Amino acid sequence: MPPQLSARIPAEQRGPGLGRDAVRLLVSQGSERVSLHAFRELPGLLRAGDVLVVNTSATLAAAVDARLGGEDLVVHFSTRGDDTRWAVELRAPAGGGTTRPRAGGPAGAVLELPGGHRLTLEEPLAAGADRLWWARPSPAPDGVPALLRAYGRPIRSAYTERDQPISAYQTVFAVPAADGAGSAEMPSAGRPFTAELVARLVSRGVQFAPLVLHTGVASQEAHEPPYPERYEVSAATAGLVNAARASGGRVIAVGTTAVRALESAADARGRVRPAAGWTDLVVTPERGVRVVDGLLTGLHEPGASHLLMLEAVAGRAAVRLGYAEALARLCLWHEFGDVHLLLKDENRDHMHCDSNAR
């Protein structure tokens, strides 16, 4: 991926009169068809009866300055556990508001945070990995949301040009959770949507099905598979998705987080049931998808585990063709960049069904 194709600022800051939806939309349909559109053309590319599944998790101001002994650090709050602990990542300041990797630990270390808050590191989140650690906050175990509101800032990637307010990292679908939980990094596929575009989609007969998956911190350096994350699929959303599938509508996930949550709530036949808790599902071509007919997502770096999910939805050939076109047309990568709509090849599915019938 050429570094110059990283989107360094949000779309609405690239020129006067631009909005969040001023990005491009790459559409891959099967292994031989790919086209480029303005994102505002999305309503014309979908059909009445289609369902867009959206993640309503709000983005947290999850980066907080800290001290460990004489060392300056940045703590990235990743995931709230069920026992008042938080999974955190320690980062070293790299200048200009960005950070670089730092090993976690050691166990028992106490980090000093603003406002008299402290974090005690207890154990790695996963055996054999020391990037994310479980840490216990004090003095108030439930004080992290207040800490983040008072002293936190959005996690910023090194390729971005400058710090942005937390509002730049909230999608139009974001709903703050009563317990202060949220996503360490923005569910970015939903970012280009505006209230006006949502209204146009609804007027076309496209429905929206909300769910929640609180994303943890990503690691651009490691490209690790996703850790377990908290999610919830309501009875209303399960019913809406099942009804759409029964009537021939397409179920299109807005973001890889929506795929992970929805597929976690589906049985082997693709029927979605209400579900909540933690999911460790990793969607791969071998596992496949049972519910999702399409995926709207950003452009992912080579080696990212998300690419396996794209292949599970649309096939490897479609992903390769789409990314070749993205490079040729100088599409922009990452959370402030252009987006990619991958749809299953309906002709291939029909041929498969016909051959099975014979």
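Phe-193 is buried, at a relative accessible area of 1%, where buried means under 20%, exposed over 50% and partly exposed in between (1.4 Å probe, protein chains only). This is a predicted model, so local features need pLDDT of at least 70 and side-chain atom pairs count only at pLDDT 80 or more, while totals for chains, interfaces and linings use all residues. Residues are numbered from 1 along each chain as its sequence is written, and side-chain values use heavy atoms, with hydrogens and water left out.

Let's stay with the rings. Rings of Phe, Tyr and Trp (its six-membered ring) pair if their centres lie within 6.5 Å; planes under 30 degrees apart are called stacked, over 60 edge-to-face and the rest tilted. That rule gives six aromatic pairs. One of them joins Phe-39 and Phe-193 edge-to-face, 5.2 Å centre to centre with 85 degrees between the planes. Phe-39 sits in the loop between β2 (33-38) and α1 (42-45), and Phe-193 in the loop between α2 (144-151) and α3 (195-204), so this pair ties together parts that are 154 residues apart in sequence. Helices (H or I, at least four residues) and strands (E, at least two) are DSSP runs, numbered from the N terminus. Phe-39 is buried too, at 0% relative accessibility. Another edge-to-face pair is Phe-77 with Trp-86, at 5.8 Å and 85 degrees; Phe-77 is buried at 0% and Trp-86 at 3%. Ring pairs also link Phe-39, Phe-173, Phe-193 and Phe-208 into a cluster.

Now for the nonpolar cores: sets of buried Ala, Val, Leu, Ile, Met, Phe, Trp, Tyr and Cys residues joined through side-chain atoms within 4.5 Å. The largest has 42 residues, and those with the most contacts inside it are Val-53, Val-241, Val-259, Leu-262 and Val-272. Elements giving two or more residues to this core include β3 (51-55), α4 (235-246) and α5 (256-264), but the largest share, six residues, comes from α6. Beyond its neighbours within four places in sequence, Leu-262 is in contact (heavy atoms within 4.5 Å) with residues including Val-53, Leu-211 and Val-292. A second, separate core of 28 residues includes Ala-66, Leu-113, Leu-147 and Ala-184.

Finally, α6 and α7 pack at about 120 degrees with axes 7 Å apart; axes are lines fitted to C-alpha atoms, for helices over the stretch in contact, and angles run from 0 to 180 degrees between N-to-C directions. Leu-307, Leu-310, Glu-311 and Ala-314 of α6 meet Arg-316, Ala-318, Val-319 and Tyr-323 of α7.
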